[in-house]
Structure formats: structure tokens, C-alpha cells
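Welcome, and thanks for taking a look at this one with us. Here is a friendly briefing on pockets, a cavity, helix packing and some backbone details.

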Amino acid sequence: MPTPPTVKPMRPWFSSGPTAKRPGWTLSGLPDGLLGRGIRTPEVVARFAYGLELTRKVLAPPDDHVLAYIPGSDTGAVESAMWSLLGSRPVQLLAFENFGKTWAVDARDHLKLDPEILEAPWGRWPATSAVDPAKDLVFPWNGTTSGVRAPNADFIADERTGLVICDATSAAFAMPLPWPKLDVTTFSFQKALGGEAGIGVAVLSPRAVQRLDEVEARFPVPKLLRLTEGGRFNRALATGTMINTFSVLTLEDWIDALEWADRIGGLDELIRRTDANFAMLADWVGRTPWIDFLAEDPATRSTTSVCLKIVNPRVTALDDAARQAFVWRLKALLEEAGAAFDVESHRNAPAGLRIWCGCTVEAEDVAAATPWLDWAFATAVAEL
């Protein structure tokens, strides 16, 4: 059997959500003085407001955009935008990975919008020449489950009458975002900065706020997702006011991540770290014959949720169930060795590997993990 490597990653956490905690994180380092206090207590409200202000500082959207906490992580934030804003215009969706396909199903089957769905197979970016500036558009900037990201925002017109709703949960804090092109940008605590799950954020452009002010939602919006009050955008949300009761401990964990991000150099440094991690993994992929990127075009390859396909003929010859079993064997070998956790592909994606390279991961840990990936593959192949 192959001999295992001797050096392991110091922090072998490569899950795509929740992602690795920041370097140096400890649970005991989080403030606990407000735990058990009422959610509307002035001190608690002020803490949530500070979290939103710090989010703005690190993410750096335009000053005229507003931020709001939304229940239900990124899923809740996207659903809130769709239920609150869609219906007054025709709708298009880009569906090239699991969550984009989910938003398409919601628009078609639940909101009954008769949307135009621009699809692409796993590993490819859809043809966007059909994107219509007169229609509302919903799409993920970065496909967390496919490793495919938008190559640019050229397909979004500067002069448009439709709104653009962008699921950016695995792109925010890790990639530059073209704010003038995006009207609603959503993300969750649990992705790029390794926060805990349950709270999402929506960044709203003036055009999105105007739509909320002037156009009544076509659908009854549940209170948990409601962005309006009295027929207008609820401006209290932009101050950090909560729609419902959120976890104060989750908020403190988010603030801890943001303060770390601000301390090390802000958004530019977060992007640099992400790019360095991806470059380390890409170098290994380039010299390793049994693995390749799922994203076919280098211009569309995600630098965060890096999705990989196994191209060894002995594995590609297996049927779907056997390929999935092979991946689970790789996962088991890596986790039993304590070398890498949670590197299997999303359950709805083609069987393969998915390795998070966001800013809370260290490049030296990516480098240390790759010999273990080779060892696990060689071991599993020998067992076929």
C-alpha cells in the first residue's frame, strides 16, 4: 500500500460551508457579556449595528447601498429578495450549479413567474448573450457547488431597467464584486469569513430600495423575509435592526471575523490570501494526472469553492454509484488520518472533490494537504 506523507496541515479544515475559522480563532475569545440578554436591549441592538457597520467597512460597497440582516443565511437573503422584488417585470435566471438551479425552480414552480432559465451543464458558464436589460436577473456570482464563477460582469448592462439579484455568498470577501452592476447582493456569515450559520446579509442598491418603495410585492411575504413596512422599504433594517431574534453568539463570532479581516488589511488582503491559496492548489492540479478542474474555462474557475473531477480512467470507467463510493473512500481515508476534512463534492454535483481556498485557510495548509490527496487516491485505486 502507498506510504502516507509525514506532514499534515496544521488546520485541516477545507469545508465549503461553514468554512474554516480565522487563524488563531478560539471560542473563549468571543465576548459573552450580552448572552442571555433581550434581543431588543439597547446594548444588544448597538452590537448588531456595529456588526453591520463593520461589514460595510470590510466589504466596501458604495456608500449609497444599504445593508440588512436576513434570517436563514444566504438562502433566506436570496429568497427574501426574490419574494419581495420579483413579479413586476419578466425574469431571467442563470442556472449552472445547484443553487442557481434552486432559484430557478423557486421562480418557476413556487412564484409562478414563467421565467426564462439560461442553463449550462456542470463545469460551464451559461451563454449570457441573451441577458435582457429590461428583465430582472437572478444568478450566483460564484457557483459554490460547481466551482464556476462569472468571468466578468460585461453581460450586465450599465443602463438597464431590470434589477440584478446576485447570490454572492462564496464570492463576497474573496473576489472583487462589480457593485454598479448589482442591485441586490447576498451572502451569509458561514462562507468567506468562517462565521456560524443562520444569518444572511442583503446589500441593496438605490434602485432596489426604490423598487421596494414604489412596487408592492406580488406575493404575500412571510414576516421572516419581509423587507418592507407600510408599503416601503423598512429603513430600520439598514441600521442593524433585526427582523426576528438572532443568535448573539453568532453575531459576536461574525464581529470577531470582521475585526480580524480589518486588522490584517481589509478586503484587498482577503482577496490576496484567497488567490494565494487557489494558486497553491492550481499548481498541484496542473502537475497531477488523476485530477482536473470541473470548471473547463480557466476564466470561470472559482478561487474559493474549488471543484475538481477525477479523470483517472479506472475511476471514470465506474458507474455513478461506484464513483461516488470511491469519493467517499477518499474522504474516509483523509479524515481518518486527520489530514483533510470535508473535501467531497456537494451531494447534488458530479462525484469529485471540493476544496475551500478562501481567506481563512492558510496556503501552507493547502500545500500540506495535496500529498495526502495523492496518497488517498493511490490507496483507494489500489483497493478497486
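Let's begin with helix α2 (residues 73–85), which gives the most to the lining of the largest pocket, with three residues. Please keep in mind that this is a predicted model. The largest pocket holds about 390 Å³ of space, and the largest cavity holds about 50 Å³.

**The largest pocket**

- The lining of the largest pocket is made of 20 residues, and Ser16, Gly17, Phe99, Lys191 and His346 are the ones nearest its centre.
- Sorted by class, this lining has 12 polar, seven charged and one nonpolar residues.
- Gly17, one of the residues nearest the centre of the largest pocket, is joined to Pro18 by a cis peptide bond with omega of about -10 degrees.
- Pro18 itself sits in the segment before α1.
- Ser73 belongs to helix α2, the helix that gives the most to the lining of this pocket.
- The phi of Ser73 is near 60 degrees, a positive value in a residue other than glycine.
- As background for these backbone details, most peptide bonds are trans, and most residues other than glycine have a negative phi.

**The second largest pocket**

- For the second largest pocket, the volume is about 200 Å³.
- Its lining counts 13 residues, with Glu216, Ala217, Val221, Thr228 and Gly231 nearest the centre.
- Which helix gives the most to the lining of the second largest pocket? Helix α4 (residues 206–214) does, with three residues.
- By class, the lining of the second largest pocket has six nonpolar, four charged and three polar residues.

**The cavity**

- There is one cavity of 30 Å³ or more in the structure.
- Lining the largest cavity are Phe14, Leu281, Ala340, Val343, Ile355, Val366, Ala369, Thr370 and Leu373.
- How many charged residues are in the lining of the largest cavity? There are no charged residues there, while eight are nonpolar and one is polar.
- Helix α9 (residues 363–382) gives the most to this lining, with four residues.

**Helix α8 with helix α9**

- Two packed helices are described by the angle between their axes and the distance between the axes.
- Helix α8 (residues 320–336) and α9 have axes that come within 9 Å and cross at roughly 125 degrees.
- The two helices α8 and α9 are therefore oblique to each other, and their crossing is right-handed.
- On the α8 side, the contact involves Phe326, Arg329, Leu330, Leu333 and Leu334.
- On the α9 side, the partners are Trp372, Leu373, Trp375, Ala376, Phe377, Thr379, Ala380 and Val381.
- The contact of α8 with α9 has 11 nonpolar residues, along with one polar and one charged.

**Helix α1 with helix α5**

- The axes of helix α1 (residues 42–59) and helix α5 (residues 248–264) come within 10 Å, crossing at roughly 35 degrees.
- Is the crossing of α1 and α5 left-handed or right-handed? The crossing of these two helices is left-handed.
- From α1, the residues in contact are Val44, Arg47, Phe48, Tyr50, Gly51, Leu54, Thr55, Lys57 and Val58.
- From α5, they meet Val248, Leu251, Glu252, Trp254, Ile255, Leu258, Glu259, Ala261 and Asp262.
- By class, the contact of α1 with α5 divides into 11 nonpolar, five charged and two polar residues.

Notes. Residues are numbered from 1 along each chain as its sequence is written. This is a predicted model: local features need pLDDT of at least 70, side-chain atom pairs count only at pLDDT 80 or more; totals for chains, interfaces and linings use all residues. Side-chain values use heavy atoms; hydrogens and water are left out. On a 1 Å grid over the protein atoms alone, a cavity is a set of points where a 1.4 Å probe fits but cannot get out, and a pocket is an open set with protein on both sides within 12 Å along at least five of seven lines; lining residues have an atom within 4 Å of a point. Grid points are joined across faces, edges and corners, and a volume is the space filled by probe spheres set on the points. Ala, Val, Leu, Ile, Met, Phe, Trp, Tyr, Cys and Pro count as nonpolar, Asp, Glu, Lys and Arg as charged, and the others, Gly among them, as polar. Axes are lines fitted to C-alpha atoms, for helices over the stretch in contact, and angles run from 0 to 180 degrees between N-to-C directions. Angles under 35 degrees count as roughly parallel, over 145 as roughly antiparallel, 65 to 115 as roughly perpendicular and the rest as oblique. A crossing is left-handed if the near helix is turned anticlockwise from the far one by less than a right angle, and right-handed if clockwise. Contact means heavy atoms within 4.5 Å.
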